[in-house]
Amino acid sequence: MARPILFSGPMVRAILDGRKTVTRRIVDGVVESGGAYSKEAWERGEMPRCPYGEPGDRLWLRETWRYHGWTEDGAPWIKYAADDSTRLVERIPDEWSDRLADIWADLSDDANMAIDGRAADRKWRPSIFLPRWASRITLEVVGVRVERLQEITENDARAEGVNPSDAHIVIKDGDRQHDMERTHRGAFACLWDGINGDRAPWASNPWVWRVEFRRVQP
């Protein structure tokens with residue numbers, strides 16, 4: 001089974017560079033026992049199934065993108081914001097044919113073509129709208145487990161694709177504020193709060209899915 005998964009530009013680059021092989025995502029709807037999440041509940045099968053699959057399943061990556069141009073046959077060039085690269089997509093599902101024709105017609109208006117003679121997007125499209133056929137990265141899940149966020153080790157934080165130099169964001173912890181240490185773990189904490197700080201900040205130590213993957217050919 002193949003599922004979509006969203007990544008930010010820096011994390012896409014880390015995957016392309018081979019530096020990112022793990023991702024952590026918030027566990028939704030976990031069973032509580034005595035006001036705290038229980039690993040025993042996981043072992044009894046009371047925890048929800050991982051929405052990112054099981055070992056052997058595949059994930060197709062969604063990232064920020066836009067239509068960069070078109071061939072004479074109407075096949076689109078897709079441009080990816082993470083590394084500014086382009087890719088020609090010639091294999092399009094039949095159900096997208098009419099929609100692509102409408103998109104091409106819309107991007108071919110005179111004002112747009114006058115810019116550089118191309119029927120291209122002038123604004124980036126959010127990753128959530130990237131169709132599967134335009135995805136350039138496929139991942140295979142090799143391991144899944146549930147753990148508390150702060151259980152992450154320095155080595156595992158390195159596998160998250162972060163750099164110690166990114167550990168500069170001030171993290172709120174009750175009434176105190178502090179800069180995270182300039183380590184991979186500190187950088188990951190900063191990255192986490194930048195994405196999930198409003199919902200499940202690092203200081204709250206939420207339960208997370210730890211999903212390990214490897215990149216494969218689509």
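R24 lies over the face of F188, with 6.0 Å to the ring centre; a charge sits over a ring if NZ of Lys or CZ of Arg is within 6 Å of the ring centre and within 35 degrees of the ring normal. The model is predicted, and local features need pLDDT of at least 70, side-chain atom pairs pLDDT 80 or more, while totals for chains, interfaces and linings use all residues. Residues are numbered from 1 along each chain as its sequence is written, and side-chain values use heavy atoms, without hydrogens and water.

**Exercise 1.** Find the ring that has the charged end of R25 over it.

*Solution.* The ring is that of F7, and the charged end of R25 is 4.8 Å from its centre.

**Exercise 2.** Classify the ring pair of F188 and W202.

*Solution.* Step one: rings of Phe, Tyr and Trp (its six-membered ring) pair if their centres lie within 6.5 Å; planes under 30 degrees apart count as stacked, over 60 as edge-to-face and the rest as tilted. Step two: the structure holds six aromatic pairs. In the pair of F188 and W202 the centres are 6.5 Å apart and the planes stand at 75 degrees, so the pair is edge-to-face. Step three: F188 is in helix α6 and W202 in the loop between α6 and β12 (207-216), 14 residues apart. Helices (H or I, at least four residues) and strands (E, at least two) are DSSP runs, numbered from the N terminus.

**Exercise 3.** State whether F188 and W202 are buried or exposed.

*Solution.* Buried means under 20% relative accessible area, exposed over 50%, partly exposed in between (1.4 Å probe, protein chains only). F188 has 2% and therefore counts as buried. W202, at 7%, is buried as well.

**Exercise 4.** Count the disulfides.

*Solution.* With a disulfide taken as a pair of cysteine sulfur atoms within 2.5 Å, the count is zero.
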